[in-house]
Amino acid sequence: VERLLDAGASLEERFGDQGGFTVMAMAAAIGHMELTDLLVKRGADPLAVQQDGNLLTHLAAELGHVDLLAKLAMLGLSLTAPKDDGLTPAGVAAMNDQLPAMSWLIEQSGGLNQAGGPSVPLLYAAATAGNLELVNWLVSKVADPNEASSQAGRGSALVTAIREGQAEIAARLLEAGADPNSKGYCQEAEMPLPVLGLAAVKGLTGIVESLGAHSATIRHRIG
């Protein structure tokens, strides 16, 4: 890389669609500390926004590179900024089963709410990813099982668990106090449904039984 830079290779060239990724972004994505340091010393901009609104912190979080996240924070990168889909670095870690990185980001950011943000709460992200370990960890840290995404149509962690057919996660969220009578948008019905109706439309018998055991209202009327 040093030889290429000495020969005039551009640090600003991007690869990919929709704005692309810089070489610096690729180094962050693989967690290469030495290469990241070299590129910064040679003038690469660590604050440059990458494809899909990614910062280097999002890319480092995806594969759980905690040491690199700490380095990037020292360079001035935000640990809580969302990318285009609303995911913060901690949310990216949650979606990619990176518990140590998510835990570190929560600690550095000042708590669950600051680390996750309103668009994609961390419990929602963990439930979407289908990771029961992360869900259990977040529940143990008193994550609110009824906190809903601020983005239209997404709903709560329970709603996304049902959409994804995650019966164990749905049961765990109900045990933690998720509302068995909450609603979520159903693509098949093209309308919001009570979570019991959402589970029934998808034929998820186990989740229907869990909801019934937690006092979901059977006689909801739809339409």
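Reader: Let's start with E175: buried or exposed?
Author: Exposed. In this predicted model, E175 has a relative accessibility of 56%, and the cut-off for exposed is over 50%.

Reader: Which residue does E175 form a salt bridge with?
Author: With R172; the closest N and O atoms of that pair are 3.8 Å apart.

Reader: OK, staying on α12, which of its residues are buried?
Author: I169, A170, A171, L173 and L174, in a helix that runs over residues 167-175.

Reader: What covers them?
Author: The cover includes α9 (122-129), α10 (132-140), α11 (157-163) and α14 (205-213).

Reader: What's the backbone doing just after α12?
Author: G177 sits there with a positive phi of about 110°.

Reader: Back to charges. How many salt bridges are there in the whole structure?
Author: A search of the whole structure gives four. One of them joins the side chains of D37 and K71, at 3.1 Å from N to O. That pair ties together distant parts of the chain: D37 belongs to helix α3 (residues 33-41) and K71 to helix α5 (residues 66-74), 34 residues apart.

Reader: How accessible are D37 and K71?
Author: D37 is partly exposed, with a relative accessible area of 23%. K71 is partly exposed too, with 25%.

Reader: What does D85 pair with?
Author: D85 forms a salt bridge with K83, and their closest N and O atoms are 3.1 Å apart. D85 is partly exposed at 30% relative accessibility. K83, on the other hand, counts as buried, since its relative accessibility is 16% and the cut-off for buried is under 20%.

Reader: New topic, helix packing. How do the axes of α5 and α7 cross?
Author: They come within 10 Å of each other and cross at roughly 30°. The two helices are therefore roughly parallel, because angles under 35 degrees count that way. The crossing is right-handed.

Reader: Which residues make that contact?
Author: From α5 there are V66, L69 and A70, and from α7 there are P100, A101, W104 and L105.

Reader: While we're on α7, where does S109 lie, and what does it touch?
Author: S109 lies in α7, which covers residues 99-109. Apart from residues up to four places away in sequence, S109 touches L79, T80, Q114 and A115. S109 is buried, with a relative accessible area of 15%.

Reader: Last one: L5. Which helix is it in, and is it buried or exposed?
Author: L5 is in helix α1 (residues 2-6). At 14% relative accessibility, L5 counts as buried.

Reader: What is L5 in contact with, leaving aside neighbours within four places in sequence?
Author: L11, L39 and R42. L5 and R42 are 37 residues apart along the chain, and their C-alpha atoms are separated by 8.2 Å.

Technical notes: Residues numbered from 1 in each chain as written. Predicted model: local features only at pLDDT ≥ 70, side-chain atom pairs only at ≥ 80, totals over all residues. Heavy atoms only, no water. Buried < 20%, exposed > 50% of the residue type's maximum accessible area, 1.4 Å probe, protein only. Helix = DSSP H or I, 4+ residues; strand = E, 2+ residues; numbered from the N terminus. Contact = heavy atoms within 4.5 Å. Axes fitted to C-alpha atoms, helices over the stretch in contact; angles between N-to-C directions. Parallel < 35°, antiparallel > 145°, perpendicular 65-115°, else oblique. Left-handed = near helix turned anticlockwise from the far one by under 90°.
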